[in-house]
Amino acid sequence: PIFKLEHFPNVCRLCLEAPEGKLVSLRTRDPVFDGGTIGDFITRITFKIEQHKSHLFPQVVCLPCFDLLKFFARYRTKVANVHLLMNALVELRFSNCRPLVDLFESRQSTLEVLLKDTGVCEEMDEATAQTLMEEFPQFAIATVERADEIDVEEPVCDDVVQSERPAVRKVKRKLPAEKVVVRRVKRVKLKSVAQPVSEDHDRSKEPEANTKDQEETRQLTEIKLQYKLRCTKCAFTTEFLREFEAHQLKEHDLRSREFHCEKPGCSEVFKDAYLLYKHNFQMHKPFVCDICGTGLKCRKDLKDHIERHKNQQNFACTYCGRRFNLKQDLGTHIRRTHLNDKNYECKTCGVKFISNSMLKTHSETHNVDRSYECPQCGKKFKSAENLKSHRQLYCSDQLQMNMKHGCSHCDKRYPNRYKLMDHIESVHRIKCRFPCDVCVQPFTNPEEMATHRLRHDNPKQLECGRCLMAFLSAEDMAAHLCISYRDDYVCCGRDFRYHLTYNKHMFVKHGQKTNARVRPDPNELLGLTRLRRKRIEMCHKCEVVFPTRAEKKKHQEICTGPVVDAHGTTSNQVQDVSSNPEFSY
């Protein structure tokens with residue numbers, strides 16, 4: 001063949017060569033890509049791929065291309081920072097010091113590295129925005145003429161007469177008169193400035209401006225002072241953005257004003273200054289970590305982020321002994337783990353969650369239509385999260401890469417450590433998990449389990465010794481729902497296999513709040529117990545359970561939904577699983 005594309009799309013995403021050796025998935029995150037994945041960075045510099053076509057593109061990159069891509073990302077960031085510095089110098093020429101101040105405040109460490117690399121600053125200890133503004137009159141840009149008319153020399157091409165130097169013609173271009181420029185100045189009192197006038201003075205008869213030298217001196221003096229918003233069509237000044245916009249709308253009828261995002265590579269346009277501010281705050285995070293390059297919204301987030309990099313772990317949990325880098329991380333851990341603080345409630349079924357993201361993922365399970373279809377096997381799901389998990393485990397183009405956990409006793413590989421331990425215990429008969437006989441929580445070694453067992457025997461103040469839940473008062477502790485024990489998780493003719501699934505079923509279907517557990521057999525491996533638990537084959541239309549998958553698929557071809565009897569109630573012919581030995585423990 002002429003084209004060597006017989007392995008496409010199983011090639012490197014960047015060089016199109018069949019990869020050899022170690023590969024890097026596009027889902028890999030790296031700080032040099034602003035904390036995102038390789039795929040997200042490639043999308044930003046190229047174009048967005050439609051979701052139903054993404055699986056046809058290569059999903060990996062080779063190591064040489066990965067190193068080149070990281071070098072390109074670093075150089076791209078450097079070019080952007082250089083242009084931010086140049087833009088700040090230009091704005092300083094127009095008496096606007098805000099971009100320069102913001103640059104030194106939000107990206108101080110990054111700017112220090114940039115100034116050192118470019119060699120424009122020798123004494124880094126004195127490199128501040130105030131110092132730069134004091135030295136600004138010495139720069140060549142401070143003497144460049146500011147005029148409303150700019151003479152631009154354009155070359156005139158002559159195909160007949162060829163000379164060593166082409167003739168030029170001068171074209172005068174006028175700046176648009178209606179363009180509104182927001183200038184930030186402060187109310188100053190200088191001897192060279194005209195004296196204040198009375199309120200009844202006619203603004204149209206104001207004296208002419210000072211000479212050019214005096215005007216430039218006044219502007220350079222105002223740079224060091226506090227600034228205000230000044231209208232360019234009249235003498236109106238204010239400190240409030242909303243008041244400034246209302247003045248322009250009422251006095252000058254500026255209804256079609258647009259606010260453009262000035263960040264490199266962004267072309268967003270807004271009709272309101274607040275929307276522009278919100279866009280910059282959310283999309284262009286100004287505070288960048290010098291260690292990993294992650295962008296953050298505010299200075300406090302950057303400070304906390306750097307503390308996590310130090311990894312000092314000075315804050316220890318009084319319940320479990322786990323250590324954290326920040327006090328707020330410790331507080332979040334105690335609220336979610338020990339206090340079980342669930343403030344996000346589903347409006348459909350009433351189930352509560354500890355975070356809003358978990359609630360959003362759960363809310364999609366209430367969808368009637370299964371609108372998320374796998375492009376390879378055709379199986380449909382209610383949520384995008386379930387489809388993503390299905391593709392990673394069963395229908396991914398890079399299925400072998402997802403099998404990260406390999407068995408040390410055979411050649412089997414699994415997508416997660418949990419399935420690997422099930423395999424080792426059920427096939428090789430090697431004990432990998434040591435469950436607690438009180439709360440049924442499994443551990444990977446007996447030492448961890450023994451340490452955990454001591455917490456049950458010696459609970460803290462206002463901590464339940466059985467479920468290890470902590471409470472803020474004795475009344476809450478006395479009223480809480482503690483662990484109760486059962487022989488199985490069977491209800492409504494179904495084996496729910498796990499305590500979380502069983503407790504959720506009891507609350508949603510029967511309105512009963514339970515906290516049930518089944519104590520494990522100490523003489524039996526946990527993997528063998530799970531092996532005997534057969535998968536529940538249930539029709540999602542009528543909720544009928546079948547003993548085999550073949551019978552379920554045969555039923556789904558003719559299923560029309562739940563059967564309603566003469567009394568108006570729904571009756572499902574559920575197979576009796578309690579007598580089926582495959583569902584027993």
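Q: Is K310 buried, partly exposed or exposed, and why?
A: First off, keep in mind that this is a predicted model. The idea is to look at relative accessible area: under 20% is buried, and over 50% is exposed. K310 counts as partly exposed because its relative accessibility is 46%.

Q: Which residue meets the side chain of K310 in a salt bridge?
A: That's E307, with 3.3 Å from N to O. E307 is partly exposed too, since its relative accessible area is 24%.

Q: Where do E307 and K310 lie?
A: Here's the general idea: an α-helix has 3.6 residues a turn, so residues three or four places apart point the same way. In this structure, E307 and K310 both sit in helix α9 (residues 299-310), three residues apart, or about one turn.

Q: How many salt bridges does a search of the whole structure find?
A: Ten. One of them joins E50 and K53, with the closest N and O atoms 3.8 Å apart. E50 is partly exposed because its relative accessibility is 43%, and K53 is partly exposed at 38%.

Q: Are E463 and R455 buried or exposed?
A: Both are buried. Their side chains meet in a salt bridge, 3.0 Å from N to O.

Q: Which residues are linked in a network of salt bridges?
A: D422, E425 and R433. D422 and E425 are among the buried residues of helix α14 (residues 417-427). What covers the buried residues of α14 includes β18 (405-406), β19 (413-414) and α18 (526-531).

Conventions. Residues are numbered from 1 along each chain as its sequence is written. This is a predicted model: local features need pLDDT of at least 70, side-chain atom pairs count only at pLDDT 80 or more; totals for chains, interfaces and linings use all residues. Side-chain values use heavy atoms; hydrogens and water are left out. Buried means under 20% relative accessible area, exposed over 50%, partly exposed in between (1.4 Å probe, protein chains only). Helices (H or I, at least four residues) and strands (E, at least two) are DSSP runs, numbered from the N terminus. Contact means heavy atoms within 4.5 Å. A salt bridge is a side-chain nitrogen of Lys or Arg within 4 Å of a carboxyl oxygen of Asp or Glu.
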